[in-house]
Amino acid sequence: MKVQLSPDEFDGTMTRRDVLRHLGIVSVGLAATPVPGFPAWWFTGQDAVLPFTDMPDGFNGLRAQGPEQHPGQNLRAQDLRAVESWLTPVEDFFVVGHYGYPALDAASWALRVRGLVERPATLSLDQLRARPRVERTTVFECSGNSRGTFHGMVGNATWAGTPLLPLLDEAGLMADTREIHFWAADTGTEEIRGGEYEQKFARSMSMQQIREREPILAYEMNGEPLTVVHGFPVRLIVPGWYGVCQVKWLTDIEASHDRLMTRFMARDYVTLMGEEVDGEVEWVETSVTRQRPKSVIARVTRQADRMTVFGVAWSDGTPLDRVEVSLDGGGAVAADLESQGDAYTWSFFSAGFPLPATGEHTVVSRATDTEGRTQPDNLEMKRTRWENNELFERTIRI
């Protein structure tokens, strides 16, 4: 989707209520007591919001045009300026569908565990819900999230379900199992070598990756049953991996000796990156899996002669070591980080600066994890749009 940018028509600064009204989110309670989880320190009573000039007037998230067959299916990205709570509400969580949005019947739905297993199984939704329950709060973004969506294809939610590994153990994986394939209910026609073939959406993980990430089979999101657009009745949740790996409308779990080479493993969601080796460029293609360290400036406020930059940052679950913020290309300032003690969720950050002169200014943030992985200045050697974590410079007006 293309977004036509136009100069921000706001003049001067806006109060909290002004910006919320402009975004269409003058909501109950914000002016008084924040809702649980709301980052209250993002605002104080006298703060004014400095407008971004790199966003179109009236932007409040990317929404596709036309009617919705299922509620929420038109939302492509949330407006991070409007973040109100630690958890992303279901209605603000981005939606991507590859082969449409199948509406499955809970009573007739079943999950099959098949392939290289000693004890194949078929579980109803009630049987799955009767298994041990766990919750995982995790942030994930679409691997195509970029400046074109103002990096709003991201959300942080609490998912409830049952762990995958015990189910695989009970099925009895055969010794030559190499991968687990996750098959979904949505299907589409693909052209392959001159022919047309009906294919299900599918992704796969190695057993090593599964043991490392401990995925869950989720049937609830933020305390409620999954909606159709978020994968009802059951989806896979892989903490720390990109959204394409969180398979929705799950119907089959297959243990296999072979690598899965369907469209969304072998041809799409594959990153092409160049690397200079001994004076020559080597071009390497890799599958989209774990999230790269990333930070996004979501809001800038001023109070008297100071301004404060706020944002969100996340990684693949490797703890963040630091987030640094720069103003107009100057020296980096270490931001204050606030998290909930779980590296798989996002962190809020803030950094203060003396108020610069009247006019336009740039601010940019950089996240670095404890393994030293950091946001690159640019990704000029990458030829695909996936895994975009380059620095995202914002422009503000004083």
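These are my notebook entries on a few things I looked up in this predicted model.

**Entry 1: confidence**

The chain averages a pLDDT of 89, and 88% of the residues score at least 70. Then I turned to residues 1–38, where the pLDDT is below 50.

**Entry 2**

Next I traced an open sheet of 5 strands. I wrote down its order as β6-β5-β14-β9-β10, and its pairing is mixed. Which strands stand at the edges? I found β6 (121–124) and β10 (195–206) there. Each has a single partner strand, so one side of each is left without a neighbour in the sheet. From one strand to the next, the twist averages 30°.

I then picked out β9 (residues 179–192) and β14 (residues 250–256), which run antiparallel. How many bridges join β9 to β14? I noted 6 bridges. On this pair I also looked up Glu-179, which stands opposite Ser-256 in β14.

**Entry 2: His-230**

My last stop was a single residue. I found His-230 in the loop between β12 (224–225) and β13 (235–237). Is His-230 buried or exposed? His-230 has a relative accessible area of 3%, so I wrote it down as buried, the cut-off being under 20%. Leaving out residues up to four places away in sequence, I listed what His-230 touches: Val-90, Phe-93, Phe-94, Val-95, Met-221, Arg-235 and Lys-248.

Notes. Residues are numbered from 1 along each chain as its sequence is written. This is a predicted model: local features need pLDDT of at least 70, side-chain atom pairs count only at pLDDT 80 or more; totals for chains, interfaces and linings use all residues. Side-chain values use heavy atoms; hydrogens and water are left out. Helices (H or I, at least four residues) and strands (E, at least two) are DSSP runs, numbered from the N terminus. Buried means under 20% relative accessible area, exposed over 50%, partly exposed in between (1.4 Å probe, protein chains only). Contact means heavy atoms within 4.5 Å. pLDDT is the predictor's confidence in each residue, from 0 to 100. Two strands pair if DSSP finds at least two bridges between them. Axes are lines fitted to C-alpha atoms, for helices over the stretch in contact, and angles run from 0 to 180 degrees between N-to-C directions.
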